[in-house]
Amino acid sequence: MINKISKNVNIGYARYLKKKRMDRFIEPGETSRAELHSKKVARWKSSILRLILLLLVLFLALPLFLKNFQGFKINFEGNSDKKDDESTPTDLIPVMISPKFFGEDSNKRPYNITAKSSVSVSSEKIVLIDIGAEIELQDKSKVNLSSQQGDYFLNKKELTLSQGVKVVTGNGYNILTNSAYVNLDENLITGGERVDVTGAMGDITSQGFIITNSGDEIKFYGGVELNAIVNNKNNEVEK
């Protein structure tokens, strides 16, 4: 009985020594399984730690990035000589160079608007500089308009002109004034400031004008003066 117990103890102790001293049986230059496993675990821990640090940096930096991106503006045209404290909100609004706008009135007659530059101040209103416009009338004749600046209202199809307004009709009238309102949908053109007109009938001055009925009628009102040209029998011209 004692010999059997002693034998079992010796066998167990031998197995224990074999397990604990595996390195004694490893060839020089080789790595034990335990060491390989330890290195693999260490690499995983290092990778997980790096991933956590990266996510933390992104979490902290993302709000700042989004804030700067939302406030980003494009300035196509500006005065580089301005100082920072002299800038205005309009300096940050994109400017379109040589824009062209096309449309049709309520009777499907075309019109077009061009400008040297424009600024879209809202979804409805566009500010234009050095404007030229052409409107086709009912009889296929055209009215040409020009001014130094104005506003174009897209949805309403309206155009307000200011500074150096010139209206040239198909029947030869040249109308000069300081401001005018144009309803592109109805072919209506009107102005309420001093008007100087030259045409086949002579020179006209008034305090306002209106072109209605798709250009068939031109009315002048407010202190109208006419220097008419009349042909007499001898084909002489009198004013």
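1. A salt bridge is taken here as a side-chain nitrogen of Lys or Arg within 4 Å of a carboxyl oxygen of Asp or Glu. By that criterion, Lys-125 and Asp-151 are joined through their side chains, with an N to O distance of 3.7 Å. The two residues are 26 positions apart, Lys-125 belonging to strand β4 (residues 125–136) and Asp-151 to strand β5 (residues 142–153). Strands (E, at least two residues) and helices (H or I, at least four) are DSSP runs, numbered from the N terminus.

2. Basis of the values. The model is predicted: local features need pLDDT of at least 70, side-chain atom pairs count only at pLDDT 80 or more, and totals for chains, interfaces and linings use all residues. Residues are numbered from 1 along each chain as its sequence is written, and side-chain values use heavy atoms, with hydrogens and water left out.

3. Confidence. The pLDDT is the predictor's confidence in each residue, on a scale from 0 to 100. Its mean over the chain is 76, and 65% of the residues reach 70 or more. Over residues 69–90 pLDDT stays under 50, and the model has 12 contacts for them beyond four places in sequence. Residues 233–239 also have pLDDT under 50, with 10 such contacts. A contact means heavy atoms within 4.5 Å.

4. Overall composition. The chain contains 2 helices and 15 strands. Of its 239 residues, 23% are buried, where buried means under 20% relative accessible area, exposed means over 50%, and partly exposed lies in between (1.4 Å probe, protein chains only). Among contacts with a separation of 6 or more, 31% are between residues 24 or more positions apart.

5. Pairing of β4 with β5. Two strands count as paired if DSSP finds at least two bridges between them. Strands β4 and β5 run antiparallel and are joined by 11 bridges; Gly-132 has Ser-146 in β5 as its bridge partner. The two strands form a hairpin with 5 residues between them, and Lys-140 in the turn has a positive phi of about 75°.

6. Pairing of β5 with β6. These strands are likewise antiparallel, with 8 bridges, and Gln-149 stands opposite Ser-162 in β6. Their hairpin has 4 residues between the strands; in its turn, Lys-157 has a positive phi of about 55°.

7. Surroundings of Asp-151. Is Asp-151 buried or exposed? Asp-151 is buried, at 19% relative accessible area, whereas its salt-bridge partner Lys-125 is partly exposed at 27%. Leaving aside residues up to four places away in sequence, Asp-151 touches Lys-125, Ile-126, Val-127, Glu-158, Leu-159 and Thr-160.

8. Further salt bridges. The whole structure holds 6 salt bridges. One of them pairs Lys-142 with Glu-134, whose closest N and O atoms are 3.5 Å apart. Lys-142 is partly exposed, with a relative accessible area of 37%, and Glu-134 is partly exposed at 27%.

9. A loop-to-loop pair. The side chains of Asp-185 and Lys-157 form a salt bridge at 3.8 Å, N to O. Asp-185 lies in the loop between β7 (174–183) and β8 (188–191) and Lys-157 in the loop between β5 and β6 (158–168), so the pair ties together parts 28 residues apart in sequence. Asp-185 is partly exposed, with a relative accessible area of 25%, and Lys-157 counts as partly exposed at 25% relative accessibility.
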